[in-house]
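Keep the sequence and the model side by side.

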Amino acid sequence: MTAPHSDPAPVFWRCSPGRRLPAYARDLADARARDLVPALRQVVVYLDRWPVAPVTGLGLAICCPPDTDPARLDWRYLAALSVLVVTPPAPDAGRLRALLAELVAVRPLRLVLLRPGGAPAAEFIVSAAHGQEVQP
């Protein structure tokens with residue numbers, strides 16, 4: 001006779017009090033709660049625009065929608081990952097600074113700002129070699 005086996009309870013991400021997950025982030029956050037990482041170890045955060053798909057050529061895609069304060073979202077599951085932030089052509093400077101400050105606080109391995117059509121087109125905010133390079 002054998003003892004009954006119970007499958008371990010599934011592990012889900014628990015948001016910090018007063019915060020919620022950004023759009024499309026549930027699967028990634030739940031995976032991080034189980035100590036899993038994305039295959040590319042990279043995530044793309046779209047500011048004020050929706051990604052074309054949940055997974056893009058740059059990696060998993062999540063969104064900080066236009067009607068959401070970045071400080072009300074939980075970003076902790078991005079710790080130790082490379083994070084690319086894609087902005088619209090003319091982002092709101094205050095919202096962009098707020099998002100970058102939230103992302104820097106969770107200590108990503110890299111944080112790169114991508115400005116399609118902007119100058120510069122790419123800017124390191126945090127790099128693996130130098131840590132924080134730019135104050136948001």
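What follows starts with the sheet, moves to the helices, and ends with aromatic rings and cysteines.

This is a predicted model.

Now look at strand 5, residues 110-114. Four of its five residues are buried, so the strand is mostly covered. Strand 4 runs parallel to strand 5, and five bridges join the two. Ser82 stands opposite Arg110 of strand 5. How does the chain get from strand 4 to strand 5? It passes through helix 2, in a β-α-β crossover that is right-handed.

Strand 5 also pairs with strand 6, residues 122-127. Here the sense is antiparallel, over four bridges. Val112 has Phe124 in strand 6 as its bridge partner. For Leu113, the bridge partner in strand 6 is Glu123.

Next come the helices. Helix 1 spans residues 26-33. Its buried residues are Leu28, Ala29, Asp30, Ala31 and Arg32. What covers them? The cover includes strand 1 (42-47) and strand 3 (59-64). After helix 1 comes Asp35, which has a positive phi, near 65 degrees.

Helix 2 takes in residues 93-105, and Glu102 is part of it. Is Glu102 buried or exposed? Glu102 counts as buried because its relative accessibility is 18%, and the cut-off for burial is under 20%. Leaving aside residues up to four places away in sequence, Glu102 touches Arg19, Pro70, Ala71 and Trp75.

The aromatic rings come next. The structure holds two aromatic pairs. One joins Trp13 and Tyr77 edge-to-face, at 5.7 Å centre to centre and 90 degrees between the planes. Trp13 lies in the segment before helix 1, and Tyr77 in the loop between strand 3 and strand 4 (82-86). The pair therefore ties together parts that are 64 residues apart in sequence. Both Trp13 and Tyr77 are buried.

Tyr24 and Trp50 form the other pair, again edge-to-face. Here the centres are 5.8 Å apart, and the planes make 85 degrees. Tyr24 sits in the segment before helix 1, whereas Trp50 is in the loop between strand 1 and strand 2 (55-56). This pair thus ties together parts 26 residues apart in sequence. Tyr24 is partly exposed, with a relative accessible area of 46%. Trp50 is partly exposed as well, at 47% relative accessibility.

Last, the cysteines. How many disulfides does a search of the whole structure find? It finds zero. Cys64 is in no disulfide either. The nearest cysteine sulfur to Cys64 is that of Cys63, 6.8 Å away. A disulfide needs the two sulfur atoms within 2.5 Å. Cys15 counts as partly exposed, because its relative accessibility is 28%. Cys64, at 0% relative accessibility, counts as buried.

Definitions and conventions:
Residues are numbered from 1 along each chain as its sequence is written. This is a predicted model: local features need pLDDT of at least 70, side-chain atom pairs count only at pLDDT 80 or more; totals for chains, interfaces and linings use all residues. Side-chain values use heavy atoms; hydrogens and water are left out. Buried means under 20% relative accessible area, exposed over 50%, partly exposed in between (1.4 Å probe, protein chains only). Contact means heavy atoms within 4.5 Å. Rings of Phe, Tyr and Trp (its six-membered ring) pair if their centres lie within 6.5 Å; planes under 30 degrees apart count as stacked, over 60 as edge-to-face and the rest as tilted. Two strands pair if DSSP finds at least two bridges between them. A crossover is right-handed if, with the strands pointing away from the viewer, the path from the first strand over the helix to the second runs clockwise.
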